[in-house]
Amino acid sequence: MTNKYVIDSIPGDGIGVDVTDVAMRMVDAVAELHDFSIEWRIRDWNSDLYKKTGRMMPVDGIEQLATGDGIYLGAVGTPDVPDDITLWGLLIPLRRKFDQYINLRPMRLLPGVKGSMPGLESLDVVVVRENVEGEYSTIGGRFGTGTPEEFALQEAVFTRKGITRVAHYAAKIAASRNGKLVSATKSNGIIHSMPFWDEVVAETLAEYPAVEVEKVLIDALAARVVMKPTTLSTIVASNLFGDILSDLVAGVAGSIGIAPSANLNPERRFPSMFEPVHGSAPDIAGKGIANPIGALWAAAMMLEHLGETAGAQSLTKAFESALADGIATPDLGGTATTESFADAVRERLS
Ligand code: ATP
Ligand code: MG
């Protein structure tokens, strides 16, 4: 019997639309080769919808997605809609309602790609980011507007449950790699939440004697990503630190356009969501030159999550082989368009 999956696809805005189009076609081609099928439910939940209705998604959007096997997202955002609307109107509610508490962001130096640091020969890092609590909080406010004492207060909320589960997940990833885990912290400057983070990570990791955990201050870690990225393998980080670190790692590996991201509900009680790390890139939207690798890699992570491991590998190998043959979009120094890169991937699927 052929496995069939229902995936909600939210192409979004700008280059999100271009790269999602490529990713869906390539996934369909992989599905045909590997004997499974995808029913795509395309959702026009984007900034245009917001401008028309004042909402990024329908009132019952969450209920609609809850019936599917996964969510595939391009990118949302346009210059004339504030970023906090797209973030808090779509992305953050999905992550939280579906308890996608792990944000998994792998990055490798891909074949034929020059990293942004001279002499970089290899890089293979997985950032495990806590995805539903921490610094991204609604608690706080603006006070004393119009007075000289005006201030803003922004709370961060870290729970034992939240830190424990991300630490468990990261420990398992580290164990499946080189057994080394770096925990990003700032317990010297942030004196309540970060010492708590350190303590709970250490307690959780005590259950994994085969995993060596090193706690590193986020400032030093940022420098290490740039100076000595080969000393890093698996990193566990809070919501904010993980967000920044994973873009940094992607930048060192060559382009934000190649980075994938999986928002996972590991227990599979709710659908997980897969997306490229990049945004809608208004500066290159409509030009047909967006790099679709981040989107394809995210699609491969989705196939892996669905259990279609062979299909996931086929897709990853195909874009790696296109790159190895010197085919690349302008952000990587090549001359390929989004479409011609997609054609090259299509030819290499097996
Ligand atoms: P958003 O507001 O949706 O987050 P942004 O303005 O932050 O969008 P990003 O998409 O995050 O822009 O990317 C920043 C820059 O990196 C873009 O302006 C673009 O030049 C480049 N870039 C991002 N993604 C890609 C891609 N897939 N291919 C090529 N270049 C890209
Ligand atoms: Mg952005």
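**Helix packing and its labels**

Reply: The crossing of α10 and α11 is right-handed, a term used when the near helix is turned clockwise from the far one by less than a right angle, with anticlockwise giving left-handed. The model is predicted, so local features need pLDDT of at least 70 and side-chain atom pairs count only at pLDDT 80 or more, while totals for chains, interfaces and linings use all residues. Residues are numbered from 1 along each chain as its sequence is written, and chains are lettered from A and ligands numbered from 1 in the order in which they are written.

Me: Why is α10 called oblique to α11?

Reply: Helix α10 (residues 309-324) and helix α11 (residues 338-348) pack at about 120°, their axes 8 Å apart. Angles under 35 degrees count as roughly parallel, over 145 as roughly antiparallel, 65 to 115 as roughly perpendicular and the rest as oblique. The α10 and α11 pair is therefore oblique. Axes here are lines fitted to C-alpha atoms, for helices over the stretch in contact, and angles run from 0 to 180 degrees between N-to-C directions. Helices are DSSP runs (H or I, at least four residues), numbered from the N terminus.

Me: Which residues make the contact of α10 with α11?

Reply: A318, F319, S321 and A322 of α10 and F341, A344, V345 and R348 of α11 make the contact, the criterion being C-beta atoms, placed from the backbone, within 7 Å. These residues divide into 6 nonpolar, 1 polar and 1 charged. Ala, Val, Leu, Ile, Met, Phe, Trp, Tyr, Cys and Pro count as nonpolar, Asp, Glu, Lys and Arg as charged, and the others, Gly among them, as polar.

Me: What makes α9 and α10 roughly antiparallel?

Reply: The axes of helix α9 (residues 293-306) and α10 cross at roughly 165° and come within 7 Å. That angle puts α9 and α10 in the roughly antiparallel class. Their crossing is left-handed. In α9, I293, L296, W297, A299, A300, L303 and E304 meet T309, G311, A312, L315, T316 and F319 in α10. The contact of α9 with α10 has 9 nonpolar, 3 polar and 1 charged residues.

Me: Why is α7 described as roughly parallel to α8?

Reply: Helix α7 (residues 218-227) and helix α8 (residues 239-252) pack at an angle of about 15°, with axes 9 Å apart. The pair is therefore roughly parallel. α7 passes α8 in a right-handed crossing.

Me: How do you know what class of residue the contact of α7 with α8 holds?

Reply: I218, L221, A222, V225 and V226 of α7 and F241, L245, L248, V249 and V252 of α8 make the contact. They divide into 10 nonpolar, no polar and no charged.

Definitions and conventions: Helix = DSSP H or I, 4+ residues; strand = E, 2+ residues; numbered from the N terminus. Contact = placed C-beta atoms within 7 Å.
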